[in-house]
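Below are my notes on the model, point by point.

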Amino acid sequence: MKKKEPKFMQELHKIREGLTKEWKNKSTREISSSLHRAVKEFKTKFVLSHR
């Protein structure tokens, strides 16, 4: 029996998939900025809400 993946991991995969599409034609600096923004969004949504 396969265990269901935790909700935060499902959300993380969705974010990663979206970022990969977004980064396709961007410079390294633009990717870095986008990644920092995504991390901040993820922390706000999941880490801080689960304390």
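1. Helix 1 crosses helix 2 with right-handed geometry. The coordinates come from a predicted model, and the points below should be read with that in mind. The two elements span residues 7-23 (helix 1) and residues 28-47 (helix 2).

2. On the helix 1 side, the contact is made by Phe8, Glu11, Leu12, Ile15, Leu19, Glu22 and Trp23. On the helix 2 side, the residues are Ile31, Ser34, Leu35, Arg37, Ala38, Phe42, Lys45 and Phe46. Sorted by class, this contact has 10 nonpolar, 1 polar and 4 charged residues.

3. Which residues does isoleucine 31 contact, leaving aside its neighbours within four places in sequence? They are Trp23 and Lys26. Isoleucine 31 is part of helix 2. Its relative accessibility is 23%, so isoleucine 31 counts as partly exposed. The C-alpha atoms of isoleucine 31 and leucine 19 are 8.6 Å apart in space, while the two residues are 12 apart in sequence.

4. How many salt bridges does the structure hold? The count is 4. Among them is the pair of glutamate 11 and lysine 45, whose side chains meet with an N to O distance of 3.6 Å. Because glutamate 11 lies in helix 1 and lysine 45 in helix 2, this pair ties together parts that are 34 residues apart in sequence.

5. Is glutamate 11 buried or exposed? With a relative accessibility of 19%, glutamate 11 counts as buried. The cut-off for buried is under 20% relative accessible area. Not counting residues up to four places away in sequence, glutamate 11 touches Lys45 and Phe46.

6. Glutamate 22 takes part in a salt bridge with lysine 26, at 3.3 Å from N to O. Glutamate 22 counts as partly exposed at 32% relative accessibility. Lysine 26 is also partly exposed, with a relative accessible area of 34%.

7. Arginine 37 forms a salt bridge with glutamate 22, and the closest N and O atoms of this pair are 3.6 Å apart. The pair links distant parts of the chain, with arginine 37 in helix 2 and glutamate 22 in helix 1, 15 residues apart. Arginine 37 has a relative accessible area of 46% and is partly exposed.

8. Taken together, Glu22, Lys26 and Arg37 are linked in a network of salt bridges. Glu22 and Arg37 are also listed where helix 1 meets helix 2. Lys26, for its part, is in contact with isoleucine 31.

Terms used:
Residues numbered from 1 in each chain as written. Predicted model: local features only at pLDDT ≥ 70, side-chain atom pairs only at ≥ 80, totals over all residues. Heavy atoms only, no water. Axes fitted to C-alpha atoms, helices over the stretch in contact; angles between N-to-C directions. Helix = DSSP H or I, 4+ residues; strand = E, 2+ residues; numbered from the N terminus. Left-handed = near helix turned anticlockwise from the far one by under 90°. Contact = heavy atoms within 4.5 Å. Nonpolar A, V, L, I, M, F, W, Y, C, P; charged D, E, K, R; others polar. Buried < 20%, exposed > 50% of the residue type's maximum accessible area, 1.4 Å probe, protein only.
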